[in-house]
Amino acid sequence: SVLHPAGAAPACLVVPVRTKKRFSVPEWARELSPEEKEKRLKSSGAVFPDQRIERTFYLACTADIIDPYVPPEGDARLTSLSKDGLKQKMEKLKQTAASQLALRKVKDHDPDFSTKTFPEKAQEIFIEAHNCLANFNKQKLHSLVTERCYPEMVRGNRYKTIRWSFVESLEPPRVVHVRCDSIMNRGNLYGQVTVRMHTRQILAIYDRFGRLMYGGEQVPKDVLEYVVFERYLVNPYGTWRMHGKIVPQWAPPKDPIVK
Amino acid sequence: WLASGSLFPLSCIHTSASLQKLGKWEKKNRIVYPPQLPGEPRRPAEIYHCRRDIKYSKDKMWYLAKLIKGMSIDQALAQLEFNDKKGAKVIKEVLLEAQEMAVRNHNVEFKSNLHIAESMTGRGRYVKRIRYHGKGMFGIMKIVRCHYFVKLVEGPPPPPEPQRTGFDQAKEYVQQLRSRTLVNTL
């Protein structure tokens with residue numbers, strides 16, 4: 001059967017070879033219907049791989065922030081001592097039902113998660129990530145920051161020197177928003193938590209020639225940020241990593257780049 | 001068929017990062033200087049650009065490179081635009097590209113504030129071919145290519161050096177005579 005492999009022989013191809021004229025098509029060369037072909041293949045014992053060799057990829061993070069938190073206007077302007085400020089605070093996490101649902105789902109997968117302890121850890125991750133960015137420690141940065149956030153942080157910085165330092169935190173960080181979503185398949189859960197941080201930081205960016213481009217070394221700036229952390233919940237070894245920042249529309253405009 | 005670094009038959013993404021070996025001139029754009037202290041004078045930005053394997057002779061290109069050296073970029077572009085040589089068009093493109101790169105990537109504020117510090121030509125890769133003559137005779141001809149390198153520096157062009165006049169030469173001669181010392185005497 002090696003000499004006339006029935007499955008491989010194209011039945012419709014006519015090869016103009018001058019051989020002995022025969023007036024009837026022999027048994028082994030006649031056209032076969034598909035079922036007969038399959039029977040032949042099975043009987044000859046040829047094994048073909050059923051699956052195509054596909055390149056698998058692993059989604060370690062979502063592409064975007066799910067249902068972004070809309071920070072209320074004038075968030076940092078009202079102090080927590082006034083009545084309005086207190087009301088704002090109370091309205092937050094306690095009310096939104098979706099956040100509560102998502103929080104429950106997250107706690108199912110990760111029993112150690114709690115809204116009280118998480119913000120401090122989140123702040124530590126934030127500080128570590130920015131220090132890695134300033135020192136160009138790419139490996140550690142990848143473990144602290146998701147793949148979606150990494151190019152946003154790193155783009156354009158290759159030939160620049162960044163100096164960043166954290167002075168102090170003006171208010172304790174708080175969890176404001178929790179969302180849980182699955183992409184592609186139903187059970188593929190990713191949890192996203194938004195943490196509100198009001199901190200004082202020093203940022204100075206120098207361009208390729210060492211000239212100051214942005215910020216200043218001695219100028220601490222007060223920064224109100226809503227940082228989104230994400231974790232692949234289904235993976236038991238997943239960690240909470242920085243996923244992105246939410247910039248509200250009423251945020252003050254940035255300083256221009258010094259040239 | 002295993003040429004592009006991946007082994008999977010269905011993925012056609014070519015996994016090697018850089019195209020060819022980068023030349024020394026291109027790598028000069030990658031150096032990062034340490035941040036300057038506030039008291040130091042501002043370091044002028046330097047942008048290196050080049051074009052490789054231009055189909056032109058390096059000796060003919062040298063005339064254009066020498067023409068441009070030391071001019072401001074606007075003047076250089078103007079001169080090249082009305083020059084009849086073939087290399088002028090190529091150099092003009094290179095200068096425009098370099099200007100664009102400077103403004104976009106290297107934090108240069110004004111695109112006219114650049115001057116040409118260095119402009120050089122170099123020999124490219126030559127290829128030998130047969131040139132057919134009459135009566136079955138042949139000669140070997142070289143297909144000649146060149147590279148063109150340019151370095152733009154931020155700031156107005158430096159003032160030209162004053163020409164050496166005869167008076168200066170005479171002064172130097174007299175100075176040389178005066179600075180002679182007598183050897184092996186009291």
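## How chain B meets chain A

In this predicted model, 25 residues of chain B are in contact with 15 residues of chain A. Together the two chains bury about 2,000 Å² between them. One salt bridge is found across this interface, along with ten residue pairs in polar contact.

**Buried area**

- Carbon and sulfur atoms give 52% of the area buried between chain B and chain A.
- On the chain B side, the residues that lose the most area to chain A are Pro35(B), Arg42(B) and Asn107(B).
- Those three residues account together for 31% of what the chain B side buries.

**Charged and polar links**

- The salt bridge joins the side chains of Glu154(B) and Arg211(A).
- Its N to O distance is 2.9 Å.
- Sorted by class, the side of chain B that touches chain A has 13 nonpolar residues, five polar ones and seven charged ones.

**A look at Val174(B)**

- Val174(B) sits in helix α5 of chain B, which covers residues 166-178.
- Is Val174(B) buried, exposed or partly exposed? Val174(B) has a relative accessible area of 35%, so it counts as partly exposed. Buried would need under 20%, and exposed over 50%.
- Along the chain, Val174(B) and Asn107(B) are 67 residues apart.

Key. Residues are numbered from 1 along each chain as its sequence is written. Chains are lettered from A and ligands numbered from 1 in the order in which they are written. This is a predicted model: local features need pLDDT of at least 70, side-chain atom pairs count only at pLDDT 80 or more; totals for chains, interfaces and linings use all residues. Side-chain values use heavy atoms; hydrogens and water are left out. Contact means heavy atoms within 4.5 Å. Buried area is the accessible area (1.4 Å probe) that two parts lose on being put together, summed over both. A salt bridge is a side-chain nitrogen of Lys or Arg within 4 Å of a carboxyl oxygen of Asp or Glu. A polar contact is a pair of N or O atoms within 3.5 Å; within protein, one must be able to donate a hydrogen and the other to accept it, and residues adjacent in sequence count only if both atoms are side-chain atoms. Ala, Val, Leu, Ile, Met, Phe, Trp, Tyr, Cys and Pro count as nonpolar, Asp, Glu, Lys and Arg as charged, and the others, Gly among them, as polar. Helices (H or I, at least four residues) and strands (E, at least two) are DSSP runs, numbered from the N terminus. Buried means under 20% relative accessible area, exposed over 50%, partly exposed in between (1.4 Å probe, protein chains only).
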